[in-house]
Structure formats: C-alpha cells, structure tokens
Amino acid sequence: MSSARVKPLPPELVAVPRKHVWHGARAVAEAVRIADVDVIAAYPIRPYTGVMNAIAQMIADGQMMAELIVADSEHTQFEVAKHASTVGARTFVGSSGVGMIFATEAIIVTALAQCPVVALAGCRALDDPGNFGMEWNDVLTYRDYGWMISWPMSPQEALDATIVAFRVSEDPRVLLPTFVAVDGATVTHISGPVLAPDEKRIREGFLPPYKPPYPLDPDFGPVTKAQHVAPSLIGPEQRKCIDVAMKRAYKEVIPEAWKLYNEVAGRDYKPFVESWFMEDAKYALVTMGAYTINAIAAAKRMREKGVKVGVVRSRYMRPFPYIELRQALENVESVGVLDFSFSFGSPYSGGVLYTELKSALYEADVRPLITNFLFLGGREPSVGHFVKAVEIIQKYAELKRVEKNVHWLTLKGEDI
C-alpha cells in the first residue's frame, strides 16, 4: 500500500502512549537510545548480541546518533567503554558468561577509576561449554569490585532500570559503573508489553547530557585516570572513596533517582525491595529477577491452601538493601531463598544471595529461620519446585529449626 492511501491518525490518538511487544534485549536497546548514549562498545555474545544488533539498526535507520565500536574481544570492548567514559562520553557496553569474565581486568579498573559506564550483564551459566542457561554467577563475580548491580525482572523494568542506571552512575556523589543484570533467556529473549517513556521528558527532566566533573581534556587541566596505584600512597584511600560513593548511592542517590523517574516517566517503583502477600505472612520466599513471577504463582497456589506465604524481591545486589530486606522480613518465621548463584566452599555451601541475606538478618531483633534453594547450571525450575520450597520452610517453622540448610531441588540424583 502506498503512503498516499494511509489516513493520518487524529492528534489525540498520536498523543496516547502505546505499548510495544519487545523482548528484554530490545527493551534495553531502546533505553540506550532514549538515554542518548554517545559510545556503545560491542562484541557479540548471547544475549548481548540482541542489544547490539538492535542499536546498530537504530543507528543505520537514523533513529540514533552514536558511535558503535565493534571490538576484537570482550576485554577490548570493556576497555573501549572505560576510555570513552574518561573523556566524558556517556557509554554503554554489555556481555555475559565467560565472555564477561575474559574482560575482568578492564571491568575492575573501570570501577577503581570511577568511570560511570553502564553495562548489560545477560546472566548466563559460566560455560562448560555452551551452556546458555540462566545463572547469576557471572555477574556476581563482580559484586565486590565497586560496580552497582540492579536486577530487573521483566523487559519493561529492564528498559526503566537501564535509564535510571545512567543517572545514578553519573551523579557526582557516586561516579561508579552499573551492571543492569538481566536474566539471560528468561528476560532477554522473552517478549512482553513495554511502554517506553517519552524521550523528551526523560532527556529534559531526568537525564540531561553527561557533564563529567574530571574529564581527560586539556581544557580542564591535568587529570589522571586508571593510574598506577602505589599502596604506600593512595591504595587504601582509593578503596575508601569507592566505599563512600557506594554508601551515598544506597542512602541518597538511588532513592532520589527512582522517585524522580516515577514522576517523569509515570511509574511506581520502590527503589530497593518489592513484596507480595506479606501483610500477614508467616513464611516468605526471597528472590531476584525473572523467576519472581514464578515465586508469586507458587505463593498464590499455597495461599489457596491456607498457607500464609509471601514473596520478597530485591531489586539490587549492590548496594545490597539490607535495611529494607530486614524490615520486609521482620515478622516472618521462616524464609526460603531462591538462589541462582553458588559460592563453592562458602558457609553451609550455599548461594550468594542466601549468604548475603543471612548476614543482613544477623542484626535483626528476631531472626527467622533461613533455608537456601539452589537452581544452578541453567536447569529451569518450575512453579512446583517453588511450591516444594514453601512446604519445606513451613515444616521447618513448625519444627522451629532448619534440618538442612541447602536444597538442590532440580538436581537429578541424590542430594548429598
């Protein structure tokens, strides 16, 4: 049909925001466009390939003005992002699995140099080899290196979290990079309704052009970035600066950013923790990311049987919202942590989220029983597995003790 036969839409219809059906990778690409990013570093690896392909198409179609640099490896890719950030560019990059691990040197220095890069971490099992299933250990390898880590649970939230990540990272009180950890396949490859915010309102009211306070630019005088650090000179001081920045992000900048984003974009996010059915809950499932939806379905099923169980979801791993999680769980008797990560040889041989939550609740006035449920190696759990987890924590509450700290519910064979 020629364009001459298409009737123009009435203005009132054009003004109505329309939802798109996008998968998570496409939604993240749209966030990068809306954020008016200057430099995108790219190297293909699933699921980041979907993001970089969508961005390349936007640039080719004239929908976006940016420098897309295809690197020769993941390591170079993160180096490109770091260096672009040091000269004042708003910068985006991404990877997953062992590809991201290959870039570890650059990733660590990006945080130590306080470059506010935003990166997609498409959570994926560390290869053994060719395992494309979802697991959290790739991005959680970096939980102790000065990166903030947010954890959206849907394509819609992946878009929103990516935009907010730029504002938080570039805040002069923070200047730290952010991983937007998007569950591989379960968010990046699953399509759902996505409502994009008005880009003019975002750019004018939430995310103006980045103005780095200390760019590598002769006009700003001598500045050193990613320099050699002599421990006798500034080693501890450098770490303490990042510690202070992370605390500012937790106490001030992240709550402020989400409050303003809710106003500008018409959203209703809580900054750190969301909960379902927790008003009278005796038991709680704690999780992050895409499988929160399955946990809610399991809680609904158990509620129909009279079991008072709720769901608590953390939206961040770094900074870890220990105060909000403690408040959300202060009245429950027994907690089950649904964990897609693992720390070999850790206390009780459990997952990372489980270990972090146990530490967070140690200072609580009344500590609930805590049990860990592991879903590793990319093998998908069902709602039935989460129902089983509820039955176990209910049993432990009745016994008033945990019989077994860690359960591998999708393991084939005996759990020894």
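Which residues have the most contacts inside the largest nonpolar core? They are Phe78, Phe92, Val139, Trp151, Phe179 and Leu329.

## Basis of the model

This is a predicted model: local features need pLDDT of at least 70, side-chain atom pairs count only at pLDDT 80 or more, and totals for chains, interfaces and linings use all residues. Residues are numbered from 1 along each chain as its sequence is written, and side-chain values use heavy atoms, with hydrogens and water left out.

## Overall build

The protein has 14 helices and 15 strands. Both are DSSP runs numbered from the N terminus: helices are H or I with at least four residues, strands are E with at least two. The radius of gyration is 22 Å, close to the 22 Å that the globule rule gives for 416 residues, so the protein is as compact as a globular protein of that length. That radius is taken over C-alpha atoms, and the rule is 2.2 Å times the number of residues to the power 0.38.

Along its principal axes, the C-alpha trace spans about 70 × 65 × 40 Å. Contact means heavy atoms within 4.5 Å. Of the contacts with a separation of 6 or more, 79% join residues 24 or more positions apart.

## Core and burial

Buried residues make up 52% of the 416. Buried means under 20% relative accessible area, exposed over 50%, and partly exposed in between (1.4 Å probe, protein chains only). The largest nonpolar core has 132 residues. Helix α10 gives the most to this core, with twelve residues. Such a core is a set of buried Ala, Val, Leu, Ile, Met, Phe, Trp, Tyr and Cys residues joined through side-chain atoms within 4.5 Å.

## Helix α10

Helix α10 covers residues 235–265 and has a kink of about 50°, centred on Ala249. The bend at a residue is the angle between axes fitted to the seven residues ending there and the seven starting there. Just after α10, Gly266 takes a positive phi of about 70°.

## Cysteines

The whole structure has zero disulfides. A disulfide here is a pair of cysteine sulfur atoms within 2.5 Å. The sulfur of Cys115 is 14 Å from the closest cysteine sulfur, in Cys241, too far for a bond. Cys115 is buried at 1% relative accessibility. Cys123 is buried at 1% too.

## Thr178

Thr178 lies in strand β7, residues 178–183. Thr178 is buried, with a relative accessible area of 3%. Beyond its neighbours within four places in sequence, its contacts include Val117, Val118, Ala119, Trp147 and Met148.
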